[in-house]
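Work through the following exercises with the sequence and the model side by side, and try each task before reading its solution.

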Amino acid sequence: MRSPFAYTPRQGPLQAASPAAAVAYLGALTACAFLYSSPIVLVATGLGLVLAGRLAGARAAVRAALWMGLTLAVLIVLVNALVVSRGETVLARLGEWPLLGQVDVTAEAIAAGAVLGLRAAVVMVAFAVYSACVDPDRVLRALRPLAGRSALTASLVSRLVPVAAADAVRLRDAALLRGPGAAPVGRAPLARRLLAGSLDRAVDVAATLELRGYSLEAPRAPGRLRAGLWGRKYFAPRSRHDRRFYLTGAAVLVAAIAGKLLGADAFVEYPAVEIGADPAVLAVSVAIALSGLAPLHRSPHRSRSVHRFGAQRAQTVHAGGAPRA
Amino acid sequence: MPDLATSTRAAPALAIAGLTYAYPNAGQPALRDVDLHLAPGEFALLAGRSACGKSTLLRAACGLVPHFHGGEIEGRIEVAGIDAIAEGPGELAAAVGYVAQDPETQVVSTTVAAEIELPLEMRGDPPSSRARAVEEVALALAIPHLLDRAVDTLSGGELQRVALAAALVTRPRLVLLDEPTSQLDPVAGDELIWLLRRLNEEWGVTILLAEHRLERCLAAADRVIAMASGSIAFDGRPRDFLTWAQEADQALETPAARLFSLAGIEPLPVGVRDARRTLASAECGGETSRTPSSLNFFGGAGSASPGRIDEKVQAVRRGSDSSSTTVVEVRDLWVELVPGDAPRDVLKGIDLDVHRGERVALMGRNGAGKSTLLKTVAGLIDPVRGKAECPADVALLTQNPGDYLVRERVGDELPGDAGLAALRLVGLEHAVDADPRDLSGGERQRLALAIALAGRMDGDEMPGVVALDEPTRGMDRARKADLVELIGDLAGRGAGLLVATHDVEFAAAFAERVVLLGDGVAIADGSADEVLSGGWYFATEVARVLDLPGVITPEQGATALSQSADFPFRSAMRNETQTQPPSEGGG
């Protein structure tokens, strides 16, 4: 079974965009999560990313990232509530705990933990959308002129990760299928076996790379395709959608920085929680959330006459007769 | 002075002289004094039992031996005029393409297009020529629709084609293939072989193909090279190879050749078409001869002595005592999996009963749902509807027996009396102190089966179900015969056998019943003789030659030929003879 985060080629604008454009767009949204502590802006950033992921067809990745991110957020809230006793609004006094001392659960500590958890979840969704929508081969090809061998090593690792995941599933199944008279298999032997198998796989993949001519010191050709009969999108690092993502990413960053300078990040955790909701905060939030529409794929324009003809034809068929030729 | 391209075109595709090679720390050489010369445009088949040196020879021809594996080497290897021992695999990459048995390990990119493009990119070709080369090779292999797919969403057959495309995209003069059909169903396997033949004929690519299922590819080959113990034991035409194998190693005979051999008909056929023509020619008084001590083709009562392998197979096919006790009961089974983005119904309302002592072959194309059905019966997958009930235990051996071996001593995998009993059942009680990695491939498989069976036996009885998933991958015929014998033994102890396999000849050897799956639905369920003689792809070679209901093995075919005074095949053969004259190598 494939990981929901695995890259899946699709015909959407985000997949067609060059890796640099996609990274600029998703990076701008991720930067917002680090720039702001306001829960309103963080939620808006998360909404924008979820919207972007769904429009790009990465629903499974977004769902999995949300599940993992929110689980992590709950964990962070719990830990923060137990470890930090600052804040005016004490919800519970849990007495003396070993190592932690006096534990007071405050609403402020919970709110601060929630913000940290929310930020972590937003970042996870951003990486999930990146992982599911940006072709790693194109990323590595873009990096190859800068660091060829490192890019190839990364390429190998990116190939071996799903292979190792599949191996792990098979090994787990085999462990479940052992007869009751066979020695049971714990996690340590399974992990050792998985490691040994991965090394074998790595050797096989390395042999394949040798056969593909990796050891040759050939000049690296620039990754630009001249327009021609044989051109396909996988050779063209540039896409007509690039400008959209560069502009959206730049707009998000400008709005975020301007909002920050104008004080739109009004959030105070201690001693009492204060969340600013002035027009600047709302404007920045709306702008960031709307940026999630960037991967929207517009269907091809259809002329009105064709549409009308199609409607008439459908009516004729519906009326019971075959359409006339 | 001729340039390099001109000189390499004039050179033989592969020239090996006096090659002896030993892997590092190996006790004995894997190749011994090998001499081989392949002319440009030849299609050569590399035959031989497991571990006879076929894969090592292919690895030497593409430069992996000795550059990647190390070891000691003597002799000379030239590929298209390039010294393969002095240069490395990278330098040879433009002249030779290599496709290994397991396509999963020879794909390094995320998408199909990137994978095919990689060799050209490494070579520094400009993007425009890369684009054209990828497009052309994709068209040649009929995979343009796969170019934008992620490699981990492809089936085994599709992945094998992508690996072949990556090997061909540099337009090499020599293509080496190491059992490329071992993981493919009969349809995909036949398609791949004829694709290779077309590339050979239209592009002039020299092909060196190592295979165990010779009946699948002998008719496509111009030449057969048989190896034994690291040396070349035979090198000649396919028909001469069959005559040689009849005497030297019956494990290398094809079923049709075995049929003719048992029936005493000569010459031995290299393929189905050749066999049918020979039979037609015999009836019309052609040059076909019959050996005096053989079975009488048209009704005499001669005798033929099948070899040890066939005796094992026949003993199993004679059958076990099947009783009516049901060990697997599957009713209206629906299973949904998520192989890609969207969930898909892999099994659609399957009904199946397996009885005690019954041997059932589960067949069908790649992705038909065979493995899913076995895993559901074993309880690894929950159905979305219906039930799969087994009153007793289910022992399932999956496609990779190595997954069961996690310790460094056989006795540590199977401790105690139950473990020893399981080892005894599979004939490995002598290997208690061995390291599983030191066992042969067949022994490792039997050890994995023992691990699955341990503790599930009741004395000498095996009350439950034994399920095997593609157990013959990479096996030669002798090892398959051993497996058939083991299956017969398990069935004799009361186990119901449910075996998923692509190998039609293997199914004919062990199964009494065949269930054919198509896209998650059981499209045929009947006796092996009936199902395996009633189709084109899921039919044995003997069935395709004779086209007689219920005749699927060479022994059945020979008996039918010897006993039938009014042989119904004759009229069909007469028509074929009138339209097409016999040819030397056609199949």
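**Exercise 1: a helix pair**

Helix 9 (residues 242–261) of chain A packs against helix 10 (residues 279–290) of chain A at an angle of about 165°, with the axes 10 Å apart. The model is predicted, so that local features need pLDDT of at least 70 and side-chain atom pairs count only at pLDDT 80 or more, while totals for chains, interfaces and linings use all residues. Residues are numbered from 1 along each chain as its sequence is written, and chains are lettered from A and ligands numbered from 1 in the order in which they are written.

Task: Classify the packing of helix 9 and helix 10 of chain A, and state which residues make the contact.

Solution. Helices (H or I, at least four residues) and strands (E, at least two) are DSSP runs, numbered from the N terminus. Axes are lines fitted to C-alpha atoms, for helices over the stretch in contact, and angles run from 0 to 180 degrees between N-to-C directions. Angles over 145 degrees count as roughly antiparallel, those under 35 as roughly parallel, 65 to 115 as roughly perpendicular and the rest as oblique. Helix 9 and helix 10 of chain A are therefore roughly antiparallel to each other.

Next come the residues in contact (C-beta atoms, placed from the backbone, within 7 Å). Helix 9 of chain A contributes A:V252, A:A255, A:A256 and A:G259, and helix 10 of chain A contributes A:A280, A:V284, A:A287 and A:I288. By class, this contact has seven nonpolar, one polar and no charged residues, where Ala, Val, Leu, Ile, Met, Phe, Trp, Tyr, Cys and Pro count as nonpolar, Asp, Glu, Lys and Arg as charged, and the others, Gly among them, as polar.

**Exercise 2: backbone exceptions in chain B**

Solution. Most residues other than glycine have a negative phi, and most peptide bonds are trans. The bond from B:V65 to B:P66 is cis, with omega near 5°, and B:P66 lies in helix 3 (residues 64–67) of chain B.

Methods. Two residues are in contact if their C-beta atoms, placed from the backbone, lie within 7 Å.
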